[in-house]
Amino acid sequence: MIDNQAGNIDSVKKLVLQFLAEAIGQCPAGLENSTDRDIVFAVLGFQYGAATSAAYVAGLDGDAVAAVADEVVGRINGMEREAASRFISVMPMLAGKEYPPIGIGAKAVISFYNAATDGERLAAATTLRDLLRQIDEA
């Protein structure tokens, strides 16, 4: 059981990192240098939603879900584990308030995983770009 859990954790991390790399690749250049708090929290919320959704679907327990989110968000953003944990610690509260980027990321990673074609995968990956466009227009 423990080996299976560890295998699931590694598989989830790989899937989410692949999805998030594709999603970020669809966004405007310089996204990683943004200091706009709305954009930073939208991107991190999207990433958190994707990581936790994939982990829950894979049947991971609460501690494993949190560990996956911490590691994935840290790695994809080049953050130290402590910095990623600070951002992640706020996300459950935002999820409880139904912060839209979290739900969008959660649905997008599942769509990406279930996509039958490259076009469907691309559509799932562009949801972050679409979200950021909406923030810019607001």
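**View 1. Helix H3 spans residues 62–77.** H3 has 16 residues. From first C-alpha to last, this helix reaches 23 Å, close to the 22 Å expected at 1.5 Å a residue. The model shown here, and in every view below, is predicted. Which residues of H3 are buried? They are Ala64, Val65, Val68, Ala69, Asp70, Val72, Val73 and Gly74. Gly78 follows the helix. The phi of Gly78 is positive, near 65°.

View 2. Lys13 sits in H1, which covers residues 2–25. Is Lys13 buried or exposed? Its relative accessibility is 15%, so Lys13 counts as buried, the cut-off being under 20%.

**View 3. Lys107 is an exposed lysine in helix H5.** H5 runs over residues 100–114. Lys107 has 64% relative accessibility and therefore counts as exposed, which requires over 50%. How far apart are Lys107 and Ile39? In sequence, 68 residues separate them. In space, the distance is 19 Å, C-alpha to C-alpha.

**View 4. The whole chain holds 7 helices and 0 strands.** Read along the sequence, the pattern is α-α-α-α-α-α-α. The radius of gyration is 14 Å, close to the 14 Å that the globule rule gives for 138 residues, so the protein is as compact as a globular protein of that length. Along its principal axes, the C-alpha trace spans about 50 × 35 × 25 Å. Buried residues account for 41% of the 138 residues. Lys13 is one of the buried residues.

View 5. Consider contacts between residues at least 6 apart in sequence: 77% of them join residues at least 24 apart. The accessible surface comes to about 7,700 Å². Carbon and sulfur atoms hold 53% of that surface. The protein carries 11 positive and 18 negative charges.

Definitions and conventions: Residues numbered from 1 in each chain as written. Predicted model: local features only at pLDDT ≥ 70, side-chain atom pairs only at ≥ 80, totals over all residues. Heavy atoms only, no water. Helix = DSSP H or I, 4+ residues; strand = E, 2+ residues; numbered from the N terminus. Rg over C-alpha atoms; globule rule 2.2 N^0.38 Å. Buried < 20%, exposed > 50% of the residue type's maximum accessible area, 1.4 Å probe, protein only. Contact = heavy atoms within 4.5 Å. Areas by Shrake-Rupley, 256 points an atom, 1.4 Å probe, with all protein chains shown as cover. Lys, Arg positive; Asp, Glu negative; His and termini not counted. Charge placed at Lys NZ, Arg CZ, Asp CG, Glu CD. Expected span 1.5 Å × (residues − 1).
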